[in-house]
Amino acid sequence: MVCKGATAKDFTAPRGSGRVKILVFGAGAIGSFVGALLSIENEVTLVARAAHADAIRARGLKISGRTTLVAHPNVATEVPIAEFDAVFVTTKSYDTANAVQALQPLWRRTIFVTLQNGLGNAEALSDAVDRVLAGTTTHGVTFVRPGEVVHAGEGETVVGVVKGAVRADADHMADVLNRAGIATSVTDDVRRELWAKAIVNAAINPLTAVLRAPNGAVVANEDLRGIVERLAREGASAANDAGVTVEGDRIAAKAVEVARATADNRSSMLQDLERGRQTEIEAITGALLRSAAKGRRLPYTETVYALVRGLEGSLAVAPKEKTDPRRGNLFK
Ligand code: KPL
(Lines give C-alpha, C1' and ligand atoms only; values in the text may rest on other atoms or scores of the structure.)
Protein backbone atom coordinates (compact mmCIF):
# COMPACT_ATOMS: atom_id res chain seq x y z
CA MET A 1 0.00 0.00 0.00
CA VAL A 2 1.33 3.40 -0.93
CA CYS A 3 1.00 6.07 1.69
CA LYS A 4 1.49 9.77 1.37
CA GLY A 5 5.10 10.57 0.61
CA ALA A 6 5.94 7.06 -0.55
CA THR A 7 8.55 6.77 -3.26
CA ALA A 8 8.32 4.87 -6.50
CA LYS A 9 10.34 2.12 -4.92
CA ASP A 10 7.84 1.64 -2.11
CA PHE A 11 5.30 0.67 -4.70
CA THR A 12 7.35 -2.16 -6.06
CA ALA A 13 6.09 -5.44 -4.74
CA PRO A 14 7.74 -8.77 -5.38
CA ARG A 15 6.49 -10.59 -8.47
CA GLY A 16 3.45 -12.68 -7.81
CA SER A 17 2.63 -10.75 -4.64
CA GLY A 18 -0.95 -10.27 -3.52
CA ARG A 19 -3.84 -7.94 -4.04
CA VAL A 20 -3.37 -4.42 -5.27
CA LYS A 21 -5.81 -1.58 -4.66
CA ILE A 22 -6.60 -0.02 -8.01
CA LEU A 23 -8.79 2.88 -9.11
CA VAL A 24 -9.93 2.75 -12.75
CA PHE A 25 -11.09 6.19 -13.82
CA GLY A 26 -13.21 5.98 -16.96
CA ALA A 27 -15.45 2.97 -17.41
CA GLY A 28 -16.02 2.88 -21.15
CA ALA A 29 -15.15 -0.21 -23.17
CA ILE A 30 -11.44 -0.51 -22.28
CA GLY A 31 -11.76 0.76 -18.71
CA SER A 32 -14.59 -1.69 -18.00
CA PHE A 33 -12.70 -4.59 -19.59
CA VAL A 34 -9.45 -3.92 -17.75
CA GLY A 35 -11.25 -3.11 -14.49
CA ALA A 36 -13.32 -6.30 -14.64
CA LEU A 37 -10.30 -8.54 -15.23
CA LEU A 38 -8.18 -6.77 -12.62
CA SER A 39 -10.98 -7.12 -10.07
CA ILE A 40 -10.64 -10.91 -10.01
CA GLU A 41 -7.40 -10.78 -8.03
CA ASN A 42 -7.32 -7.19 -6.82
CA GLU A 43 -9.47 -4.65 -5.07
CA VAL A 44 -10.73 -2.51 -7.94
CA THR A 45 -12.91 0.58 -7.84
CA LEU A 46 -14.35 1.62 -11.17
CA VAL A 47 -15.39 5.27 -11.53
CA ALA A 48 -18.30 5.15 -13.95
CA ARG A 49 -21.30 7.10 -15.09
CA ALA A 50 -24.43 6.65 -13.02
CA ALA A 51 -26.27 4.28 -15.40
CA HIS A 52 -23.24 2.01 -15.79
CA ALA A 53 -22.54 2.13 -12.05
CA ASP A 54 -26.16 1.23 -11.23
CA ALA A 55 -26.16 -1.67 -13.69
CA ILE A 56 -22.87 -3.01 -12.27
CA ARG A 57 -24.18 -2.76 -8.71
CA ALA A 58 -27.37 -4.57 -9.69
CA ARG A 59 -26.08 -7.33 -11.97
CA GLY A 60 -22.28 -7.15 -12.01
CA LEU A 61 -20.11 -6.18 -14.96
CA LYS A 62 -20.62 -8.66 -17.77
CA ILE A 63 -17.88 -9.36 -20.31
CA SER A 64 -18.80 -11.61 -23.21
CA GLY A 65 -17.06 -12.62 -26.44
CA ARG A 66 -13.45 -13.76 -26.22
CA THR A 67 -13.58 -13.36 -22.46
CA THR A 68 -16.59 -14.50 -20.49
CA LEU A 69 -16.97 -13.19 -17.01
CA VAL A 70 -19.24 -11.38 -14.63
CA ALA A 71 -17.10 -9.20 -12.39
CA HIS A 72 -18.10 -7.39 -9.24
CA PRO A 73 -15.72 -4.46 -8.83
CA ASN A 74 -16.52 -1.64 -6.44
CA VAL A 75 -18.15 1.20 -8.36
CA ALA A 76 -18.34 4.91 -7.74
CA THR A 77 -19.51 7.90 -9.74
CA GLU A 78 -16.77 10.16 -8.44
CA VAL A 79 -13.27 9.76 -7.06
CA PRO A 80 -13.56 8.13 -3.64
CA ILE A 81 -11.57 9.47 -0.72
CA ALA A 82 -9.25 6.52 -0.21
CA GLU A 83 -5.71 5.33 -0.81
CA PHE A 84 -4.87 3.37 -3.96
CA ASP A 85 -1.75 1.56 -5.10
CA ALA A 86 -2.38 2.61 -8.69
CA VAL A 87 -4.79 4.69 -10.76
CA PHE A 88 -5.61 3.68 -14.32
CA VAL A 89 -6.83 6.56 -16.48
CA THR A 90 -9.01 5.16 -19.26
CA THR A 91 -11.13 8.12 -20.32
CA LYS A 92 -11.41 9.47 -23.83
CA SER A 93 -8.40 11.58 -24.72
CA TYR A 94 -10.47 14.78 -24.90
CA ASP A 95 -11.37 14.21 -21.26
CA THR A 96 -7.89 13.74 -19.91
CA ALA A 97 -7.73 17.30 -18.59
CA ASN A 98 -11.00 16.75 -16.67
CA ALA A 99 -9.70 13.42 -15.39
CA VAL A 100 -6.48 15.00 -14.13
CA GLN A 101 -8.48 17.62 -12.22
CA ALA A 102 -10.87 15.04 -10.77
CA LEU A 103 -7.94 12.95 -9.56
CA GLN A 104 -6.09 15.81 -7.89
CA PRO A 105 -6.25 14.26 -4.37
CA LEU A 106 -4.16 11.37 -5.67
CA TRP A 107 -1.53 13.28 -7.68
CA ARG A 108 1.21 12.88 -5.07
CA ARG A 109 -0.04 9.71 -3.43
CA THR A 110 0.05 7.01 -6.03
CA ILE A 111 1.25 5.93 -9.43
CA PHE A 112 -0.87 6.73 -12.50
CA VAL A 113 -1.14 4.58 -15.61
CA THR A 114 -2.68 6.06 -18.73
CA LEU A 115 -4.25 3.44 -20.97
CA GLN A 116 -5.84 5.70 -23.56
CA ASN A 117 -5.90 6.27 -27.28
CA GLY A 118 -4.21 9.23 -28.92
CA LEU A 119 -1.23 11.45 -28.27
CA GLY A 120 -0.85 13.97 -25.46
CA ASN A 121 -2.39 12.02 -22.55
CA ALA A 122 0.90 11.04 -20.91
CA GLU A 123 2.07 14.65 -21.18
CA ALA A 124 -1.16 16.01 -19.64
CA LEU A 125 -0.82 13.61 -16.71
CA SER A 126 2.88 14.33 -16.29
CA ASP A 127 2.23 18.06 -15.99
CA ALA A 128 0.38 17.38 -12.73
CA VAL A 129 1.15 13.92 -11.39
CA ASP A 130 4.42 12.80 -9.75
CA ARG A 131 4.67 9.23 -11.04
CA VAL A 132 3.33 8.24 -14.43
CA LEU A 133 3.38 5.08 -16.50
CA ALA A 134 1.78 4.88 -19.93
CA GLY A 135 0.41 1.92 -21.73
CA THR A 136 -1.17 0.95 -25.00
CA THR A 137 -3.54 -1.88 -25.71
CA THR A 138 -4.89 -3.23 -28.96
CA HIS A 139 -7.69 -5.29 -27.44
CA GLY A 140 -10.92 -4.67 -29.30
CA VAL A 141 -13.74 -4.04 -26.84
CA THR A 142 -17.27 -2.79 -27.51
CA PHE A 143 -19.47 -1.05 -24.97
CA VAL A 144 -22.86 -2.69 -25.51
CA ARG A 145 -25.03 -1.23 -22.78
CA PRO A 146 -24.62 -0.17 -19.14
CA GLY A 147 -23.19 -3.14 -17.28
CA GLU A 148 -22.02 -4.98 -20.39
CA VAL A 149 -19.06 -4.96 -22.79
CA VAL A 150 -17.97 -7.41 -25.47
CA HIS A 151 -14.36 -8.48 -25.86
CA ALA A 152 -14.39 -8.71 -29.64
CA GLY A 153 -10.70 -9.02 -30.48
CA GLU A 154 -7.50 -10.13 -28.79
CA GLY A 155 -4.71 -7.60 -28.49
CA GLU A 156 -1.40 -6.81 -26.91
CA THR A 157 -0.70 -4.48 -24.03
CA VAL A 158 2.57 -2.66 -23.41
CA VAL A 159 3.54 -0.39 -20.49
CA GLY A 160 6.52 1.81 -19.77
CA VAL A 161 7.78 4.63 -17.60
CA VAL A 162 6.91 8.23 -18.46
CA LYS A 163 7.83 10.17 -15.35
CA GLY A 164 9.01 9.75 -11.76
CA ALA A 165 8.73 5.98 -11.76
CA VAL A 166 11.31 3.26 -12.33
CA ARG A 167 11.44 0.20 -14.53
CA ALA A 168 10.45 -1.97 -11.54
CA ASP A 169 7.15 -0.08 -11.33
CA ALA A 170 6.41 -0.90 -14.96
CA ASP A 171 7.44 -4.52 -14.33
CA HIS A 172 5.10 -4.68 -11.36
CA MET A 173 2.20 -3.18 -13.27
CA ALA A 174 2.79 -5.60 -16.15
CA ASP A 175 2.82 -8.41 -13.61
CA VAL A 176 -0.51 -7.26 -12.14
CA LEU A 177 -2.01 -7.11 -15.65
CA ASN A 178 -0.53 -10.47 -16.66
CA ARG A 179 -1.93 -12.12 -13.56
CA ALA A 180 -5.33 -10.69 -14.54
CA GLY A 181 -5.05 -12.42 -17.91
CA ILE A 182 -4.13 -9.28 -19.87
CA ALA A 183 -0.87 -10.26 -21.60
CA THR A 184 1.43 -7.29 -21.05
CA SER A 185 5.06 -6.54 -21.82
CA VAL A 186 7.28 -3.68 -20.69
CA THR A 187 9.02 -1.25 -23.02
CA ASP A 188 11.89 1.12 -22.34
CA ASP A 189 10.61 3.40 -25.10
CA VAL A 190 6.98 4.02 -24.27
CA ARG A 191 6.89 7.24 -26.29
CA ARG A 192 7.57 5.27 -29.45
CA GLU A 193 4.92 2.74 -28.42
CA LEU A 194 2.33 5.50 -27.94
CA TRP A 195 3.11 6.89 -31.39
CA ALA A 196 2.95 3.43 -32.96
CA LYS A 197 -0.45 2.82 -31.37
CA ALA A 198 -1.71 6.25 -32.51
CA ILE A 199 -0.60 5.42 -36.05
CA VAL A 200 -2.39 2.06 -35.93
CA ASN A 201 -5.52 3.84 -34.69
CA ALA A 202 -5.16 6.50 -37.40
CA ALA A 203 -4.94 3.76 -40.04
CA ILE A 204 -7.98 1.80 -38.83
CA ASN A 205 -10.45 3.92 -36.85
CA PRO A 206 -11.38 6.73 -39.26
CA LEU A 207 -11.88 4.27 -42.13
CA THR A 208 -14.16 2.07 -40.04
CA ALA A 209 -16.05 5.19 -38.96
CA VAL A 210 -16.55 6.33 -42.55
CA LEU A 211 -17.48 2.84 -43.76
CA ARG A 212 -19.61 2.09 -40.71
CA ALA A 213 -17.99 -1.31 -40.66
CA PRO A 214 -16.05 -3.45 -38.19
CA ASN A 215 -12.26 -3.47 -38.24
CA GLY A 216 -12.04 -6.55 -40.44
CA ALA A 217 -13.76 -4.72 -43.31
CA VAL A 218 -10.82 -2.36 -43.83
CA VAL A 219 -8.48 -5.25 -44.63
CA ALA A 220 -11.03 -7.45 -46.38
CA ASN A 221 -10.03 -6.34 -49.87
CA GLU A 222 -6.86 -5.09 -51.48
CA ASP A 223 -8.11 -1.56 -52.16
CA LEU A 224 -9.09 -0.84 -48.61
CA ARG A 225 -6.03 -2.59 -47.23
CA GLY A 226 -3.98 -0.32 -49.48
CA ILE A 227 -5.56 2.72 -47.83
CA VAL A 228 -4.82 1.33 -44.36
CA GLU A 229 -1.19 0.84 -45.35
CA ARG A 230 -0.88 4.31 -46.85
CA LEU A 231 -2.42 5.88 -43.75
CA ALA A 232 0.09 3.99 -41.60
CA ARG A 233 3.05 5.04 -43.75
CA GLU A 234 1.91 8.66 -43.65
CA GLY A 235 1.61 8.36 -39.86
CA ALA A 236 5.17 7.04 -39.72
CA SER A 237 6.46 10.03 -41.66
CA ALA A 238 4.67 12.39 -39.24
CA ALA A 239 6.24 10.51 -36.31
CA ASN A 240 9.67 10.74 -37.90
CA ASP A 241 9.15 14.49 -38.41
CA ALA A 242 8.46 14.70 -34.67
CA GLY A 243 11.69 12.85 -33.91
CA VAL A 244 10.12 9.46 -33.17
CA THR A 245 11.53 6.67 -35.28
CA VAL A 246 8.77 4.55 -36.75
CA GLU A 247 9.43 2.37 -39.77
CA GLY A 248 6.71 2.80 -42.44
CA ASP A 249 6.47 -0.75 -43.79
CA ARG A 250 6.59 -2.28 -40.35
CA ILE A 251 3.83 -0.10 -38.91
CA ALA A 252 1.72 -0.67 -42.05
CA ALA A 253 2.00 -4.43 -41.47
CA LYS A 254 1.16 -3.91 -37.79
CA ALA A 255 -1.99 -1.93 -38.64
CA VAL A 256 -3.16 -4.72 -40.95
CA GLU A 257 -2.36 -7.31 -38.27
CA VAL A 258 -4.34 -5.41 -35.60
CA ALA A 259 -7.33 -4.94 -37.93
CA ARG A 260 -7.32 -8.70 -38.61
CA ALA A 261 -6.93 -9.63 -34.94
CA THR A 262 -9.85 -7.35 -34.04
CA ALA A 263 -11.85 -8.06 -37.21
CA ASP A 264 -15.17 -8.40 -35.36
CA ASN A 265 -14.71 -5.26 -33.28
CA ARG A 266 -16.25 -1.92 -34.05
CA SER A 267 -13.46 0.60 -33.53
CA SER A 268 -13.82 3.08 -30.69
CA MET A 269 -14.26 5.86 -33.27
CA LEU A 270 -17.13 4.04 -34.96
CA GLN A 271 -18.70 3.30 -31.56
CA ASP A 272 -18.46 6.99 -30.71
CA LEU A 273 -20.22 8.06 -33.89
CA GLU A 274 -22.88 5.39 -33.48
CA ARG A 275 -23.59 6.73 -30.01
CA GLY A 276 -23.72 10.32 -31.27
CA ARG A 277 -20.56 11.25 -29.42
CA GLN A 278 -17.46 13.25 -30.15
CA THR A 279 -14.62 11.08 -31.51
CA GLU A 280 -10.92 11.02 -30.68
CA ILE A 281 -10.02 12.18 -34.21
CA GLU A 282 -8.11 15.20 -32.86
CA ALA A 283 -5.88 13.20 -30.50
CA ILE A 284 -5.22 10.55 -33.15
CA THR A 285 -5.33 11.79 -36.75
CA GLY A 286 -5.27 15.49 -35.88
CA ALA A 287 -2.18 14.98 -33.70
CA LEU A 288 -0.35 13.27 -36.56
CA LEU A 289 -1.27 16.05 -38.99
CA ARG A 290 -0.04 18.67 -36.56
CA SER A 291 3.25 16.79 -36.12
CA ALA A 292 4.14 16.61 -39.80
CA ALA A 293 6.93 18.87 -40.97
CA LYS A 294 5.89 22.11 -42.63
CA GLY A 295 5.11 21.46 -46.28
CA ARG A 296 4.71 17.70 -45.91
CA ARG A 297 1.40 16.55 -47.32
CA LEU A 298 -0.37 13.53 -45.85
CA PRO A 299 -3.20 13.23 -48.41
CA TYR A 300 -4.88 10.08 -47.10
CA THR A 301 -4.64 11.27 -43.51
CA GLU A 302 -5.99 14.71 -44.43
CA THR A 303 -8.89 13.11 -46.29
CA VAL A 304 -10.04 10.78 -43.50
CA TYR A 305 -9.59 13.59 -40.99
CA ALA A 306 -11.93 15.82 -42.99
CA LEU A 307 -14.44 12.99 -43.46
CA VAL A 308 -14.64 12.16 -39.77
CA ARG A 309 -14.87 15.83 -38.83
CA GLY A 310 -17.65 16.09 -41.40
CA LEU A 311 -19.44 13.10 -39.92
CA GLU A 312 -19.17 14.54 -36.42
CA GLY A 313 -20.68 17.77 -37.74
CA SER A 314 -23.43 16.27 -39.88
CA LEU A 315 -24.52 13.87 -37.17
CA ALA A 316 -24.82 16.84 -34.84
CA VAL A 317 -22.51 15.13 -32.40
CA ALA A 318 -23.00 16.75 -29.05
CA PRO A 319 -20.19 19.21 -28.40
CA LYS A 320 -18.03 18.13 -25.52
CA GLU A 321 -20.25 18.07 -22.50
CA LYS A 322 -19.50 20.39 -19.66
CA THR A 323 -18.59 17.89 -17.02
CA ASP A 324 -18.29 18.02 -13.33
CA PRO A 325 -14.51 18.28 -12.89
CA ARG A 326 -14.77 15.73 -10.07
CA ARG A 327 -16.10 13.22 -12.56
CA GLY A 328 -14.77 14.03 -15.98
CA ASN A 329 -16.41 12.23 -18.85
CA LEU A 330 -15.98 8.68 -17.85
CA PHE A 331 -16.28 6.71 -21.02
CA LYS A 332 -13.37 5.66 -23.16
O1 KPL B 1 -7.71 0.71 -30.31
C2 KPL B 1 -8.59 0.34 -31.05
C3 KPL B 1 -9.80 1.19 -31.08
O4 KPL B 1 -10.84 0.78 -31.56
O5 KPL B 1 -9.69 2.34 -30.65
C6 KPL B 1 -8.41 -0.86 -31.92
C7 KPL B 1 -7.12 -1.57 -31.56
C8 KPL B 1 -8.34 -0.42 -33.34
C9 KPL B 1 -9.47 -1.90 -31.73
O10 KPL B 1 -10.66 -1.60 -32.32
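The legends below describe close-up views of a predicted model.

**View 1. Helix H7 against helix H12.** In this view helix H7, spanning residues 190-211, packs with helix H12, spanning residues 299-314, their axes coming within 10 Å and crossing at roughly 50°. That angle makes H7 oblique to H12, and the crossing in which H7 passes H12 is left-handed. On the side of H7 the contact is made by Pro206, Ala209 and Val210, and on the side of H12 by Val304, Leu307, Val308 and Leu311. Sorted by class, the contact of H7 with H12 comprises seven nonpolar residues, with no polar and no charged residues.

**View 2. Helix H7 against helix H8.** Here H7 packs with helix H8, which covers residues 222-241, at an angle of about 145° and with the two axes 9 Å apart; the crossing in which H7 passes H8 is right-handed. From H7, the residues Trp195, Ile199, Ala202, Ala203, Leu207 and Leu211 meet a set in H8 consisting of Leu224, Ile227, Val228, Leu231, Ala232, Gly235, Ala236, Ala238 and Ala239. The residues of this contact between H7 and H8 divide into 14 nonpolar and one polar, with no charged residue.

**View 3. Helix H7 against helix H9.** The axes of H7 and helix H9, the latter formed by residues 248-261, come within 9 Å and cross at roughly 65°, and the crossing of these two helices is right-handed. H7 contributes Ala196, Ile199, Val200, Ala203 and Ile204 to the contact, while H9 contributes Ile251, Lys254, Ala255, Val258 and Ala259. By class, the contact of H7 with H9 contains nine nonpolar residues, no polar residue and one charged residue.

**View 4. The surroundings of the ligand.** The ligand is surrounded by Asn117, Thr138, Gly140, Lys197, Asn201, Asn205, Asn215, Val258, Asn265, Ser267 and Ser268. Among these residues, Asn205 has a side-chain N or O atom 3.1 Å from an oxygen atom of the ligand, and Asn265 places a polar side-chain atom 3.0 Å from a ligand oxygen atom. For Ser268, the distance between an N or O atom of the side chain and an oxygen atom of the ligand is 2.5 Å. Val258, listed here around the ligand, is also one of the residues through which H9 makes its contact with H7.

**View 5. Lys21 in strand S1.** Lys21 has its place in strand S1, which is made of residues 21-25. The side chain of Lys21 reaches the backbone oxygen of Glu83 at a distance of 3.2 Å. The C-alpha atoms of Lys21 and Ser39, two residues that lie 18 residues apart along the chain, are separated by 9.3 Å.

Methods. Residues are numbered from 1 along each chain as its sequence is written. This is a predicted model: local features need pLDDT of at least 70, side-chain atom pairs count only at pLDDT 80 or more; totals for chains, interfaces and linings use all residues. Side-chain values use heavy atoms; hydrogens and water are left out. Axes are lines fitted to C-alpha atoms, for helices over the stretch in contact, and angles run from 0 to 180 degrees between N-to-C directions. Helices (H or I, at least four residues) and strands (E, at least two) are DSSP runs, numbered from the N terminus. Angles under 35 degrees count as roughly parallel, over 145 as roughly antiparallel, 65 to 115 as roughly perpendicular and the rest as oblique. A crossing is left-handed if the near helix is turned anticlockwise from the far one by less than a right angle, and right-handed if clockwise. Contact means heavy atoms within 4.5 Å. Ala, Val, Leu, Ile, Met, Phe, Trp, Tyr, Cys and Pro count as nonpolar, Asp, Glu, Lys and Arg as charged, and the others, Gly among them, as polar. A residue is near a molecule or strand if one of its heavy atoms lies within 4 Å of it. A polar contact is a pair of N or O atoms within 3.5 Å; within protein, one must be able to donate a hydrogen and the other to accept it, and residues adjacent in sequence count only if both atoms are side-chain atoms.
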